[in-house]
Amino acid sequence: MITIMIKRAERENIDEIKRLWKVCFPDVDERYQDFFFKNVVRPEDCYIKVLEGKIVATLVRNKHALMFNSRVLQASMIMGVAVHPEYRHRGYMHEMMDIIVDACEHSELLTLIQTEKPELYEPFGFRTIYQRTQFQIQRKDVTRITNFGCAYDPAPLDLLKVYSAFIKRFNGFYARDLGYFVNYKKEIKAVGGKIVAYYNGKDQIQGYAAMIPDGEQLKVQEMIYLDSMSLIKLCNAALQERKIVNLYVSEAEDLSKVFPEALKKSYPSTMARLNDPKLFTKLFRKKIDTIEEAFAISHRPLNLNEFN
């Protein structure tokens, strides 16, 4: 008799989950994978499907607090959805998603997922609600200035201060604290990257950029800036690392005026599911039935720049 079960992972399952990730996500940096399972998620945040003693499918439910219209909402990010190639097309992931969605419905208002294949998650009630924009910038796109004021080991507290000042322009972001930035610095370092900050003449932090090498190019996965000077300073610092820099920002940040000649493309980034329309309606005093209607009442542009 074939034994199949879906359960939460335990610590002794992590190494096998990591091996499954290597098969399903060959492009994921192994250093990031090690960091993720050591510092970001607990074993019980991972769900696994076991067939005859072998893990054949897995996903992660990482809980976060999300800020929306000045309220803190309970939410989670579904990530690391993986099925071993030899066991696909058997409905295993559908079973796991059914279980996760049911758990989320009973414990949180919103559930998020980042995916390049939204059609896989639409049957579970997820809809694309957030897009990001990529600018590919080169030396010709950025005014050349000195890197005076740039620092390569900013304190976590400084990062928190400038992030808090920047993100208040937006909505839908995850709440971050000092511990987040202590971990964030370790995460970027774990994948061979660095965080560069810019300080003004009064020694006040004005922005930072999280830079990760990507072959002959550089990926700036997060750019925080309080004014155009800090943006240009940080872009110059990035161009000292690589000749081509891929800068990722929220769709609301129209940097076309700053980089008019840079290649630009927008793409779907995050899907969301509304788990309790009645509670959402009660909280925000608006009749809400769908996730699209929920995010339509946002007071500010969305910024869901989270990867965990």
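**Charged pairs and a buried glutamate**

Biologist: Which residue forms a salt bridge with Lys 140?

Modeller: A salt bridge is a side-chain nitrogen of Lys or Arg within 4 Å of a carboxyl oxygen of Asp or Glu. For Lys 140, the closest N and O atoms of the pair are 3.2 Å apart. The partner is Asp 141.

Biologist: At which pLDDT do side-chain atom pairs count?

Modeller: Residues are numbered from 1 along each chain as its sequence is written, and side-chain values use heavy atoms, with hydrogens and water left out. This is a predicted model: totals for chains, interfaces and linings use all residues, local features need pLDDT of at least 70, and side-chain atom pairs count only at pLDDT 80 or more.

Biologist: Is Asp 141 buried or exposed?

Modeller: Buried means under 20% relative accessible area, exposed over 50%, and partly exposed in between, with a 1.4 Å probe and protein chains only. Asp 141 has a relative accessible area of 10%, so Asp 141 is buried.

Biologist: How many residues apart are Asp 153 and Lys 185?

Modeller: These two form a salt bridge, with the closest N and O atoms 2.8 Å apart. The pair links distant parts of the chain: Asp 153 sits in the loop between β7 (150-151) and α4 (156-167), Lys 185 in helix α5 (residues 178-190). Helices are DSSP runs of H or I, at least four residues, and strands are runs of E, at least two, numbered from the N terminus. The separation is 32 residues.

Biologist: How far apart are N and O in the salt bridge of Lys 287 and Asp 289?

Modeller: Lys 287 is exposed, at 62%. Asp 289 has 46%, so Asp 289 counts as partly exposed. Their side chains meet at an N to O distance of 2.6 Å.

Biologist: How many salt bridges does the whole structure hold?

Modeller: Side chains of opposite charge can pair when their charged atoms come close. A search of the whole structure puts the count at 15.

Biologist: Which side chain does Glu 222 join in a polar contact of 2.8 Å?

Modeller: Glu 222 lies in strand β10 (residues 217-225). At 2% relative accessibility, Glu 222 counts as buried. A polar contact is a pair of N or O atoms within 3.5 Å; within protein, one must be able to donate a hydrogen and the other to accept it, and residues adjacent in sequence count only if both atoms are side-chain atoms. The side chain joined to Glu 222 is that of Arg 176.
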